[in-house]
Amino acid sequence: MVARKNSENQKAQNEEIKKSKRKEAMKMLMWCATLPPFNHDDPEQVKARVALYFDKCMNDGFTPGKEGLCNALQITRQTFQTWLNGTA
């Protein structure tokens, strides 16, 4: 009986964590959608956008990640990978 109750509590906690993470992701996505366009061919503008993203994460307590960074850069994850590989 106690093990079942603990399992139910754990499931409830996991659902709350998932809900919180979804809410965090939506807030970041909404913020990214408000960003103005920029020149992806200008390394300084790209660096500034990356810095802006990480500042937002630090100031608002968001967990930075590849998906969020790609949204802030207004690029796909494939484009990001291409940039990392140096094939762009």
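Trainee: Why does Tyr-53 count as buried?

Mentor: Keep in mind that this is a predicted model. Tyr-53 has a relative accessibility of 1%, and buried means under 20%, so Tyr-53 counts as buried.

Trainee: And what makes Phe-54 partly exposed?

Mentor: The relative accessible area of Phe-54 is 33%.

Trainee: Why is the pair of Tyr-53 and Phe-54 called edge-to-face?

Mentor: Start with the count, which comes to one aromatic pair. The ring centres of Tyr-53 and Phe-54 are 5.1 Å apart, and rings pair if their centres lie within 6.5 Å. Their planes stand at 70 degrees, and over 60 counts as edge-to-face, so the pair gets that name.

Trainee: Okay, on to Asn-9. Where is Asn-9, and is it buried, exposed or partly exposed?

Mentor: Asn-9 sits in helix 1. From Asn-9 to Pro-37 is 28 residues in sequence and 45 Å in space, C-alpha to C-alpha.

Trainee: What do we know about the largest pocket?

Mentor: The largest pocket holds about 310 Å³ of space. It is lined by 14 residues, and those closest to its centre are Glu-24, Ala-25, Met-28, Glu-67 and Gly-68.

Trainee: Which helix gives the largest share of that lining?

Mentor: Helix 1 does, with six residues. Helix 3 (66–73) also supplies at least two. By type, the lining has seven nonpolar, four polar and three charged residues.

Note on methods:
Residues numbered from 1 in each chain as written. Predicted model: local features only at pLDDT ≥ 70, side-chain atom pairs only at ≥ 80, totals over all residues. Heavy atoms only, no water. Phe/Tyr/Trp six-rings, centres within 6.5 Å; stacked < 30°, edge-to-face > 60°. Buried < 20%, exposed > 50% of the residue type's maximum accessible area, 1.4 Å probe, protein only. 1 Å grid on protein atoms, 1.4 Å probe; cavity = no way out; pocket = protein on both sides within 12 Å on 5 of 7 lines; lining within 4 Å. Points joined across faces, edges and corners; volume = space filled by probe spheres on them. Helix = DSSP H or I, 4+ residues; strand = E, 2+ residues; numbered from the N terminus. Nonpolar A, V, L, I, M, F, W, Y, C, P; charged D, E, K, R; others polar.
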